[in-house]
Amino acid sequence: FEDDENMFRLNYSKEFLQWALRPPGYFRSWHIGVRAKSSKRMVAFITGVPARIRVRETIVNMAEINFLCVHKKLRSKRLAPVMIKEVTRRVHLENSWQAAYTAGVVIPTPITTCQYWHRSLNPKKLIDVGFSRLGARMTMSRTIRLYKLPDQTATPGFRKMEPHDVPAVTRLLRNYLRQFVLSPDFDENDVEHWLLPKENVVDSFLVESPETHEITDFCSFYTLPSSILGSQNYTALKAAYSYYNVSTKTPLTQLMNDALIVAKRKDFDVFNALDVMHNETFLKELKFGPGDGKLHYYLYNYRIRRVLQPSELGLVLL
């Protein structure tokens, strides 16, 4: 999982993979690795996890396929299609006939194409390691000033999500996701698994009204660091990825600015977001810049009538 210039390599933690691959009702048989016979080294990998996906009014039991990777020395040997065929076979064995997946490349035919946006939290480091560049007519000190964030969050009642919040967050999220053409059908078990904070894996915050104690807003992001391959001074880039955000009373831009403040406090270098759901409404105002990366979403064995706008999509795949 490297970028095209081989400068950064995604560095999944053990805790992250356990979170990503063991949701409620997961199948061990859908986690497939290929090892070399003599060295026992893992040379190829692909996974699926079960998910209930709502497409318009229909709830479909799908597999979410992810983490396909093949050892560099074995690329172009047509191993990837074999892995895809095998995970498909195993998914079918559990009477699941549809799947969702994403890719950075275009294959026939995406249901939508999203754009990655990046918000600098530690601009000096990002520029030093080649993740971003100094703007025209910009100095380093002006850039640092441009991206500076307040020390404290602005929203009254903004706090970390706790286990007793699961029912309220589930209601909030289910209500919110209904407006999109395609979204997950989360129940309380799913919310507990995917959104309860886990150190260095996923962070979730909500707004509890100081007067009524009602949970009115919610934001979350997951942690996915990268190893920096070419730098003398730095070895790791700590990135936060926007996950599910719901705003009913607090303006979404204010809520996400609070999320940026918290991420900065937790020493993240950059905050990434796709232009899905209502994310487009805050990206420019909060000084996100468009990245090089496009992410194409696909459904297997399920046809929707037309290509969706990113804003009609309510699904974030890790």
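Strand β15 gives the most to the lining of the largest cavity, with three residues. The model is predicted: local features need pLDDT of at least 70, side-chain atom pairs count only at pLDDT 80 or more, and totals for chains, interfaces and linings use all residues. Residues are numbered from 1 along each chain as its sequence is written, and side-chain values use heavy atoms, with hydrogens and water left out.

Some terms come first. Helices (H or I, at least four residues) and strands (E, at least two) are DSSP runs, numbered from the N terminus. A cavity is a set of points, on a 1 Å grid over the protein atoms alone, where a 1.4 Å probe fits but cannot get out. A pocket is an open set with protein on both sides within 12 Å along at least five of seven lines. Lining residues have an atom within 4 Å of a point. Grid points are joined across faces, edges and corners, and a volume is the space filled by probe spheres set on the points.

By this rule, one cavity of 30 Å³ or more is counted. The largest cavity has a volume of about 70 Å³. Its lining is made of Y116, Y222, Y241, S242, N272, A273, L274, V276, N279, V316 and L317. Strands β13 (239–242) and β15 (270–274) each supply at least two of the lining residues. By type, the lining divides into eight nonpolar, three polar and no charged residues. Here Ala, Val, Leu, Ile, Met, Phe, Trp, Tyr, Cys and Pro count as nonpolar, Asp, Glu, Lys and Arg as charged, and the others, Gly among them, as polar.

Two of the cavity-lining residues, Y116 and Y241, also belong to the aromatic pairs. Rings of Phe, Tyr and Trp (its six-membered ring) pair if their centres lie within 6.5 Å; planes under 30 degrees apart count as stacked, over 60 as edge-to-face and the rest as tilted. The count comes to 22 aromatic pairs. One of them joins F16 and W19, edge-to-face, at 5.3 Å centre to centre with 70° between the planes. Both residues lie in helix α1, three residues apart, about one turn of the helix. F16 counts as buried because its relative accessibility is 0%; buried means under 20% relative accessible area, exposed over 50%, and partly exposed in between (1.4 Å probe, protein chains only). W19, at 2%, is buried too.

The rings of Y116 and Y241 have centres 6.1 Å apart and planes at 85°, so this pair is edge-to-face. Y116 lies in strand β6 (residues 112–120) and Y241 in strand β13, so the pair ties together parts that are 125 residues apart in sequence. Y116 is buried, with a relative accessible area of 19%. Y241 counts as buried at 14%. One aromatic cluster takes in Y12, F16, W19, F67, Y116, F186, W194, Y222, Y241, Y243 and Y244.

W194 of this cluster is also among the buried residues of helix α6 (residues 188–195), which are D190, V191, H193, W194 and L195. The elements that cover these buried residues include α1 (14–21), β3 (42–55), α5 (166–177), β9 (202–208) and β10 (215–223). At the start of α6, a side-chain oxygen of D187 reaches to within 3.0 Å of the backbone nitrogen of N189.

The second largest pocket holds about 480 Å³ of space. It is lined by 33 residues, of which V49, P50, A51, R52 and E64 lie nearest its centre. Elements giving two or more residues to this lining are α1, β3, β4 (58–70) and α6. Strand β3 gives the most, with six residues. The lining divides into 20 nonpolar, seven polar and six charged residues.

P50 sits in strand β3. At 22% relative accessibility, P50 counts as partly exposed. Its C-alpha atom is separated by 9.5 Å from that of R22, 28 residues apart along the chain. Leaving aside neighbours within four places in sequence, P50 is in contact (heavy atoms within 4.5 Å) with P24, G25, Y26, F27, W30 and M62.

K294 is found in strand β16 (residues 289–300). At 42% relative accessibility, K294 counts as partly exposed. Leaving aside neighbours within four places in sequence, K294 is in contact with A103, G104, T113, C114 and Q115. The side chains of K294 and Q115 make a polar contact at 2.9 Å. A polar contact is a pair of N or O atoms within 3.5 Å; within protein, one must be able to donate a hydrogen and the other to accept it, and residues adjacent in sequence count only if both atoms are side-chain atoms.
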